[in-house]
Amino acid sequence: MLRALSRSHAPVARLLSPRTAVLVETVRGRKSRTDPKAKSKLGRIKTPPPVDPVEMVVLKERYTEYNLILRALRLEFKEQMLRKKYEEEVGSVAEERTKREAEEHWSLMALNDAENLRMCKIREQRMQKEAEATELKKREAAILRQQELENYIKEKERQILQLQEEAKDFITLDNLDHRIEEALDNLKNYNFAIDKEGRVVKRTAFQR
């Protein structure tokens, strides 16, 4: 690789430098623009090469013909582009494009209507299922309320029956004398002490 670089005309620094860098290569033996004219060439006068008149006439004719042909081709291409543009805007091509767009629009509208109909059926089915589920929840709630009401009535009836049973031991005007005599005959001593488990641990003697 080093031999190839040494054989190449470009210096190694130019080959290894990045592409973004701007390289200014100095050429040996070439003057700059500001250097004066060489002394050996001060008296030299540049004369243009001789031109054959016949060849010059032929060249002018051919150049004029070339320009005419090129201008004709440009005008022809321009006319074709303008004609194509006109047909696309107001001509048969525009009419065909409008017709094609209308057909595409109607096909898309038909597709949209079909999709709307499908979604409408799906929505109706979903709403029907939701209505059935709501009605089922209402019936279950009504059954639950009815059961709660029946349980409430049964509980109240049980409480009433229990109260009626307990009412047999109530003190009334009719059995007041009898209950007083019964209380005097069966005296109870409530003066006692109990422990944490509720057992009687100490009782005082009953005094009349």
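Good morning. I begin with the hairpin that β1 and β2 form, which has five residues between the strands, and in whose turn Gly198 has a positive phi of about 85°. This is a predicted model, in which local features need pLDDT of at least 70 and side-chain atom pairs count only at pLDDT 80 or more, while totals for chains, interfaces and linings use all residues. Residues are numbered from 1 along each chain as its sequence is written, and side-chain values use heavy atoms, with hydrogens and water left out.

Strand β1 covers residues 192-194 and strand β2 residues 200-203, and the two pair in the antiparallel sense over three bridges. Pairing here requires that DSSP finds at least two bridges between two strands. Ile194 has Val200 of β2 as its bridge partner.

I turn to the overall layout. The protein has five helices and two strands, in the order α-α-α-α-α-β-β from the N terminus on. These elements are DSSP runs numbered from the N terminus: helices are H or I with at least four residues, and strands are E with at least two. Of the 208 residues, 3% are buried, where buried means under 20% relative accessible area, exposed over 50%, and partly exposed in between, with a 1.4 Å probe and protein chains only. Among contacts with a separation of 6 or more, 0% come from residues 24 or more positions apart; contact means heavy atoms within 4.5 Å.

Next, the helix pair. How do α3 and α4 pack? Helix α3 (residues 53-90) and helix α4 (residues 92-167) meet at an angle of about 40°, with axes 4 Å apart. The axes are lines fitted to C-alpha atoms, for helices over the stretch in contact, and angles run from 0 to 180 degrees between N-to-C directions. Glu87, Glu88, Glu89 and Val90 of α3 make the contact with Ser92, Val93, Ala94 and Arg97 of α4.

Two side chains remain. Arg118 is in helix α4 and counts as partly exposed because its relative accessibility is 43%. The side chain of Arg118 makes a polar contact of 2.5 Å with the side chain of Glu115. A polar contact is a pair of N or O atoms within 3.5 Å; within protein, one must be able to donate a hydrogen and the other to accept it, and residues adjacent in sequence count only if both atoms are side-chain atoms.

Asn175 lies in the loop between α4 and α5 (176-185). Why does Asn175 count as buried? The reason is its relative accessibility of 19%. A polar atom of the Asn175 side chain is 3.1 Å from the backbone oxygen of Phe170.
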